[in-house]
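Student: Please take a close look at the surroundings of the ligand, then link them to the rest of the chain.

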Amino acid sequence: MPQIKKIGIITSGGDAPGMNAAVRAVTRTATSNGLEVIGFYKGYAGILDKEYTELTYASVGGIMEKGGTILRTARVPGFKDPNIRAEAARNLKELGIDALIVIGGEGSLTGAKLLYEEHGIPIVGIPASIDNDIPDTDMAIGVDTCLNTAVDSMQKLKDTASSHERAFIVEVMGRGSGYIALMSGIAVGAEGIIIPELPIDYDQLTDKIWEQRKRGKINCIIVVAEGAASAYTVARHFENKIGYETRITILGHIQRGGSPTAFDRILASRMGYEAVKFLLNGEAGVMVALNRSKLIAVPIDKVLSEKKELDYELVKLANTLS
Ligand SMILES: Nc1ncnc2c1ncn2[C@@H]1O[C@H](COP(=O)(O)OP(=O)(O)O)[C@@H](O)[C@H]1O
Ligand SMILES: O=P(O)(O)OC[C@H]1O[C@](O)(COP(=O)(O)O)[C@@H](O)[C@@H]1O
Ligand SMILES: [Mg+2]
């Protein structure tokens, strides 16, 4: 690989708390090693429109604690077109960018992999998505903050649920993954957890909740991942069947905002630092991954050839404890 002097960085896809901490870590690690850093705005759109800023050691000060992403983000459907990717590659070369760090989810990493394979641009991916649906990494940036927000919200709902003896159907994010629903459900002791990875057994759930109600339970939280069903559909199934008056809450984009937790700040700092070190050591076409507390490089095409498996032992745990 030719010597790297100038790197580009984007945040892309759904924003995730901690992206700024990763931008800061990449910038400071790179500038400390004598590299220039160009931050493109709005993901792949900024590369196509040449909308960028130079990032310096000083300019990334005070951003670690901020939610969202200072580089902003976008979904750019046109990037699936090879001609558009060729234009992006041309722009990167024109600007003298020797390598690109992509902070985002599976979609963003797919764009990165294609830029690497089709145009030989050295790429390192940093996994960031609240869904935790990216294979080969135990955690992605943003997951922990999202879970804390979801749990905090559900705990509040539990207060009012108990006061009125009501059931709440809480819809959480997770397009194709039940991770947020399962983990937040475990953390609040939800009576029901509905996820896209498993068929929904309304009858079994109804019997369980009704039994608990008869035993004197005064609140009920049912967490549903948006990828499994809508809260309205779930509520219709339980209407007049579980012994509670029912209310619906859709947590929505609240889950993506807020100052990152200590865990996300540290994870993002470690991943940003390693991403630059990988590039300096000549590694490219890889994603930084958290593997049993260590950071490793995993080829992006391996990551994208897999599907992140849910830990079914955790489903059993949730059923046993609630
Ligand atoms: N198959 C693909 N080929 C090329 N680029 C893609 C592909 N899928 C997604 N992208 C790019 O990555 C962006 C973010 O992807 P998306 O799936 O929306 O979010 P995330 O990266 O968070 O999973 C897309 O808007 C597009 O620019
Ligand atoms: O921001 P949008 O376009 O409303 O997308 C919502 C989706 O983005 C997410 O918050 C995060 O997904 P990605 O990280 O893959 O972008 C999903 O949980 C949700 O389904
Ligand atoms: Mg995604």
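Tutor: The shell around ligand 1 divides by class into five nonpolar, 10 polar and three charged residues. Here Ala, Val, Leu, Ile, Met, Phe, Trp, Tyr, Cys and Pro count as nonpolar, Asp, Glu, Lys and Arg as charged, and the others, Gly among them, as polar. The model is predicted: local features need pLDDT of at least 70, side-chain atom pairs count only at pLDDT 80 or more, and totals for chains, interfaces and linings use all residues. Residues are numbered from 1 along each chain as its sequence is written, while chains are lettered from A and ligands numbered from 1 in the order in which they are written.

Of the 18 residues around ligand 1, the nearest are Gly13, Gly105, Gly107, Ser108 and Gly111. A residue counts as near if its C-beta atom, placed from the backbone, lies within 6 Å of the molecule. Helix α4 (residues 106-119) gives the largest share of this shell, six residues. Helices (H or I, at least four residues) and strands (E, at least two) are DSSP runs, numbered from the N terminus.

Now the wider chain. An unreviewed UniProt entry annotates residues 6-279 as "domain: Phosphofructokinase". Its positions follow the numbering used here, feature names are shortened, and annotations may be inferred rather than shown by experiment. Over residues 6-279 the chain is 43% helix and 18% strand. The end C-alpha atoms of that stretch are 11 Å apart.

Finally, isoleucine 296 is in strand β11 (residues 294-299). It counts as partly exposed because it has 15 C-beta neighbours inside 10 Å; buried needs 20 or more, exposed 12 or fewer, with C-beta atoms placed from the backbone.
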